[in-house]
There are 2 protein chains.
Amino acid sequence: MRQRCGVVALDVGGTKIACGLVLTDGSVEYARTIPTSQDSPESVGEQIVALATEAIEHAPRDVVTAAVGLVVPGWVNHTNRTVWAPNVAGWDHIPLEQLLKERLPLPIALDSDRSGYVKGEAWLGVARGLNDIVFLAVGTGIGAGIMVDGRVLHGHDDLAGAVGWMALRPGFSELYARMGCFEAEASGAAVGRKGAERLATDPARAGEQWTAQRVVKAAVGGDSRAAEIIDEVVVYLGMGIANLVSTLDPEMVVLGGGLFRAGEYLAEKVRREFVRWCQPFAAQRVRIELSALGERAGLMGAARIAMDSFL
Amino acid sequence: MRQRCGVVALDVGGTKIACGLVLTDGSVEYARTIPTSQDSPESVGEQIVALATEAIEHAPRDVVTAAVGLVVPGWVNHTNRTVWAPNVAGWDHIPLEQLLKERLPLPIALDSDRSGYVKGEAWLGVARGLNDIVFLAVGTGIGAGIMVDGRVLHGHDDLAGAVGWMALRPGFSELYARMGCFEAEASGAAVGRKGAERLATDPARAGEQWTAQRVVKAAVGGDSRAAEIIDEVVVYLGMGIANLVSTLDPEMVVLGGGLFRAGEYLAEKVRREFVRWCQPFAAQRVRIELSALGERAGLMGAARIAMDSFL
């Protein structure tokens with residue numbers, strides 16, 4: 001029997017953990033998603049071990065499972081081998097790789113979710129085959145996966161891509177000190193917050209939950225105050241993308257994360273805005289595209305990271 | 001006789017051209033600087049050929065001159081092998097490398113001045129031996145040389161580091177469309193312009209030339225309106241540096257270019273400001289230092305580029 005080769009991939013988020021058995025051709029043989037435990041660092045570790053073990057057990061008989069790849073929503077410090085992830089309970093500089101090594105029978109590769117996104121998209125998504133890419137993830141937070149000459153840029157202390165901290169408006173605010181200016185102004189959470197602040201003042205709407213999706217929907221539906229919020233956010237998104245392009249000169253910027261479920265409606269506005277701010281030659285050359293993998297970018301990236309490390 | 005090895009290095013600027021015979025140990029055997037011709041692309045090319053030829057002829061008998069390294073203030077497109085430099089007369093996508101090859105007897109390496117600055121500083125300056133560095137050059141314009149894992153980041157189309165285009169203030173202005181927001185707000189030319197606009201309104205000062213150096217001097221001397229200009233510029237410099245650090249996570253940012261002749265007076269203000277905006281872990285770890293090579297960074301970088309290419 002001809003053997004196929006695969007890895008167990010895990011995309012650990014603050015609210016859910018996705019796990020899959022991913023083969024070298026990009027096909028997924030087995031996949032499962034569960035809610036992230038909110039209890040303790042150990043409990044999330046247990047979930048990872050259980051999911052990975054299950055995936056290994058579910059491998060078809062002709063599949064050799066070679067490694068585990070894991071992406072996490074935070075700082076994977078490759079020097080002291082710890083993980084810091086503010087949205088995972090207790091992941092405060094914990095030795096995650098060591099903890100997992102003791103419990104799993106396969107070699108483990110670990111990286112940040114943003115590294116995963118850009119690797120996934122370069123492998124199987126809209127940036128397939130490209131070498132100079134920025135994946136801008138705009139969800140609850142904002143981060144960027146940066147690929148230069150085919151390699152993920154980690155920075156000197158594995159902190160590269162913390163672009164939620166990009167400074168885009170001179171007037172400093174306390175909100176900026178907590179999460180960074182770009183994130184405070186243009187993340188999915190920021191759009192929801194601006195919606196709650198500015199749209200819920202209408203008594204008929206009091207108590208409504210203003211998520212980003214809802215603000216986008218209101219804007220599309222003709223609500224001029226919602227459209228104003230979107231216009232404001234588009235300026236910041238355009239500025240942030242322009243800064244990444246003027247600094248890094250990639251061939252493509254991939255737009256992902258929850259906010260970009262708004263699709264071409266938002267992408268087209270962002271393209272028009274970014275051109276105003278960007279170095280003109282670079283702006284002409286770069287392509288700004290929506291993620292093709294969507295929510296699967298992290299999982300496929302985690303698989304690719306394991307393959308690049310161990311296959 | 002024991003042979004030593006060197007290269008001819010040239011740093012071509014909009015106002016002057018520096019040339020040196022630089023040995024592999026970093027010593028300079030011969031150096032000359034002349035004003036840049038403002039006539040035609042050919043005349044600047046002639047100057048380069050004449051300076052390089054002279055340097056080759058002046059080499060001591062025990063020195064083998066192996067190559068020519070050249071940095072220019074613009075876009076060195078390595079794909080179609082042209083140079084675009086708005087401050088050099090007629091350098092509008094010209095095949096500079098080919099023109100020089102026909103006239104000089106040595107192999108030629110060509111790159112942008114910002115690539116030269118970061119290479120020079122990493123070789124012989126304040127960032128000696130470091131691998132993850134940003135050189136922020138703030139002079140007439142603003143640009144950055146970026147080194148990642150010991151290699152200069154060029155970007156997909158050799159446009160990386162065009163950070164004068166960084167967007168730092170949402171209100172768009174026509175000035176931004178011409179030169180980029182960061183450059184319009186915080187370059188040496190911008191400081192001079194702001195001085196002329198805001199300080200020359202005093203009739204006793206009418207007609208005075210307000211260079212950046214002069215504004216700094218006035219601020220140091222207690223002029224509160226000059227100090228206000230510096231404070232405003234420091235905010236933009238702090239934001240721009242924070243953006244580079246949050247995005248790239250370098251181990252050092254080197255401050256160079258004419259504006260930073262103001263030295264620690266300005267550097268210390270910039271350090272205090274950038275921390276407010278930057279990703280906090282990265283801000284703690286990075287060092288922000290003044291260039292050690294100053295005006296020689298480009299020349300030494302040009303030499304290093306030639307050595308890395310041909311030795």
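Two residues are taken to be in contact if their C-beta atoms, placed from the backbone, lie within 7 Å. The model is a predicted one, in which local features need pLDDT of at least 70 and side-chain atom pairs count only at pLDDT 80 or more, while totals for chains, interfaces and linings use all residues. Residues are numbered from 1 along each chain as its sequence is written, and chains are lettered from A and ligands numbered from 1 in the order in which they are written.

Leaving aside neighbours within four places in sequence, A:Leu10 is in contact with A:Ile17, A:Cys19, A:Ile48, A:Leu51, A:Ala52, A:Leu70 and A:Ala302. A residue is buried if 20 or more other C-beta atoms lie within 10 Å of its own, exposed if 12 or fewer, and partly exposed in between.

In chain B, B:Val12 belongs to strand 1 (residues 4-12); helices (H or I, at least four residues) and strands (E, at least two) are DSSP runs numbered from the N terminus. B:Val12 counts as buried because it has 29 C-beta neighbours inside 10 Å. Beyond four places in sequence, the residues touching B:Val12 are B:Ile17, B:Thr36, B:Ile48, B:Leu70, B:Val71, B:Val72, B:Pro73 and B:Val88. B:Val72 is 60 residues from B:Val12 in sequence, with a C-alpha to C-alpha separation of 5.0 Å.

Helix 11 (residues 297-310) of chain B has 14 residues, which at 1.5 Å a residue should span 20 Å, in agreement with the 20 Å between its end C-alpha atoms; the expected span is 1.5 Å times one less than the number of residues. Of these 14 residues, 11 are buried, among them B:Leu299, B:Arg304 and B:Met307. The cover over the buried residues of helix 11 of chain B includes strand 1, strand 2 (16-23), strand 4 (63-72), strand 8 (108-112), helix 3 (113-124) and strand 12 (252-256) of chain B.

In chain A, seven of the seven residues of strand 10 (residues 142-148) are buried. A:Ile142, A:Ala144, A:Ile146 and A:Val148 lie on one side of strand 10 of chain A, and A:Gly143, A:Gly145 and A:Met147 on the other. Strands count as paired if DSSP finds at least two bridges between them. Strand 9 (residues 133-138) of chain A pairs with strand 10 of chain A in the antiparallel sense over six bridges, with A:Leu136 bridged to A:Ala144.

An open sheet of three strands in chain B has the order 5-6-7 with antiparallel pairing. Strand 5 (75-77) and strand 7 (92-94) of chain B are at the edges with a single partner strand each, so one side of each has no neighbour in the sheet. Strand 6 (residues 82-84) of chain B is joined to strand 7 of chain B by two bridges, and B:Trp84 stands opposite B:Asp92.

Between the chains, 39 residues of chain B are in contact with 39 residues of chain A. Helix 8 of chain B gives the most to the side of chain B that touches chain A, with eight residues.
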